[in-house]
Amino acid sequence: MTLLEQLEIKHPIFLAPMAGVSTPELAAEVSNQGGFGSLGLGASSVEAARQQILETQALTHQPFQVNFFCHQTLELDHDVAKQWIQYLAPQFKKYDAVPPTELKCIYPSFLDHDDYLNLVLETRPKAVSFHFGIPHPHQIQALKQAGIITMVSATNLAEALEIEAAGIDVIIAQGIEAGGHRGIFNETFDSAVKTSDLVQLLKQSCRLPIVAAGGIMNGQQAQLLIKLGAAAVQLGTAFVQCKSSNANAAYRKALFSKPITQISTSISGRPARGLINHWHTQIDRPERPAVATYPYCYDLGKQLNAAATAQGDYGFGAFWAGTNVAQIREIEAPDLINQLVLEMSQA
Ligand SMILES: Cc1cc2nc3c(=O)[nH]c(=O)nc-3n(C[C@H](O)[C@H](O)[C@H](O)COP(=O)(O)O)c2cc1C
């Protein structure tokens with residue numbers, strides 16, 4: 001059975017799950033047009049996640065996927081956190097704000113408990129994908145028994161082989177061009193393989209279907225990756241500008257006016273690619289100390305952004321975008337799917 005048959009979708013085009021940007025409307029628009037819609041639920045509480053899944057199910061009868069984070073929840077190093085807060089304190093001062101004295105673990109991992117798993121088993125989306133790691137064996141087993149397709153991001157061959165050995169169904173090959181967080185299992189090591197190389201590498205050594213993600217903005221780029229062996233492509237940045245996404249006005253404006261990206265660990269504590277802003281120019285400086293652990297670091301990053309935004313400065317936003325953001329178009333999701341399909345057929 002092909003991946004499209006397995007997922008019961010018409011086109012090999014996935015909307016990337018995007019925590020904070022995904023909406024039920026956007027997911028449904030993509031699925032209703034024959035693509036594979038998604039919800040990024042890694043930053044949502046179990047209740048908020050349930051709400052989004054139910055809303056999506058009310059908007060489409062077509063299949064879609066949900067996505068969670070599988071990071072190892074690390075202990076916070078309090079000395080590192082203190083130094084990190086001190087380093088960012090002058091930035092808070094600029095906006096007449098005071099940084100917190102303690103940082104919170106704002107996102108639990110799917111690995112920490114089975115509440116998200118139980119939600120997935122209860123609501124039965126077609127597929128569930130994971131970023132930053134692989135679920136526990138008992139969680140994979142339960143999803144399999146329920147007939148829910150499992151997918152995990154890989155950024156290198158070692159991760160892909162681990163995914164395959166764990167009994168997952170699909171590999172999302174995330175290249176270095178990708179917008180948002182790198183899906184690397186271990187946040188300190190990144191082989192930074194580009195999407196086309198990663199697809200070819202995984203195609204040679206893995207038997208699972210591969211979905212290519214990273215830097216895809218048009219059908220020509222998508223078709224090239226399909227020719228290299230990808231069973232489908234996953235696009236994030238290209239959909240952020242859609243009216244139905246949750247991106248705020250400053251993010252939308254920056255996508256079209258400052259389309260240059262850089263990877264930084266300062267915003268959340270894990271490497272993530274976004275549009276160049278204050279994080280890259282004012283925080284990522286040679287004197288920068290070690291960042292606080294993910295996701296504690298993100299707690300501070302979000303608070304700094306809130307303080308700056310309150311004073312009308314949007315330069316500390318987490319404006320995730322892929323390297324090819326300069327090629328995005330202003331187009332609604334159903335039209336983007338149609339356009340991609342047309343370009344792929346002509347490529
Ligand atoms: C705004 C944004 C948020 C993202 N959030 C998630 C997420 O919650 N989970 C996930 O697995 N990937 C996330 N990603 C990464 C995407 O899955 C995908 O790898 C990436 O969008 C592909 O690169 P592109 O943006 O150049 O298309 C995000 C990407 C963006 C742009």
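Modeller: A polar side-chain atom of Asn-67 lies 2.8 Å from a nitrogen atom of the ligand, a polar contact being a pair of N or O atoms within 3.5 Å. This is a predicted model, in which local features need pLDDT of at least 70 and side-chain atom pairs count only at pLDDT 80 or more, whereas totals for chains, interfaces and linings use all residues. Residues are numbered from 1 along each chain as its sequence is written, and side-chain values use heavy atoms, with hydrogens and water left out.

The shell around the ligand comprises 24 residues, the closest being Pro-17, Asn-67, Gly-215, Gly-236 and Thr-237; a residue belongs here if one of its heavy atoms lies within 4 Å of the ligand. Strand S3 (64-69) and strand S9 (232-235) are the elements that give two or more residues to this shell (strands are DSSP runs E of at least two residues, helices H or I of at least four, numbered from the N terminus). By class, the shell holds 12 nonpolar residues, 11 polar and one charged. Here Ala, Val, Leu, Ile, Met, Phe, Trp, Tyr, Cys and Pro count as nonpolar, Asp, Glu, Lys and Arg as charged, and the others, Gly among them, as polar.

The ligand takes up the space of the largest pocket, in that more than half of its atoms lie within 2 Å of the pocket's grid points. A pocket is an open set of points on a 1 Å grid over the protein atoms alone, where a 1.4 Å probe fits, with protein on both sides within 12 Å along at least five of seven lines; lining residues have an atom within 4 Å of a point. The largest pocket contains about 920 Å³ of space, a volume being the space filled by probe spheres set on the points. Its lining consists of 46 residues, and Met-18, Ala-19, Val-21, Gly-180 and Trp-320 lie nearest the centre. Elements that each supply at least two lining residues include S3, S9 and helix H13 (296-310); H13 gives the most, with five residues. The lining is made up of 25 nonpolar, 20 polar and one charged residues.

Note on methods. Polar contact = N/O pair within 3.5 Å; in protein donor to acceptor, adjacent residues only side chain to side chain.
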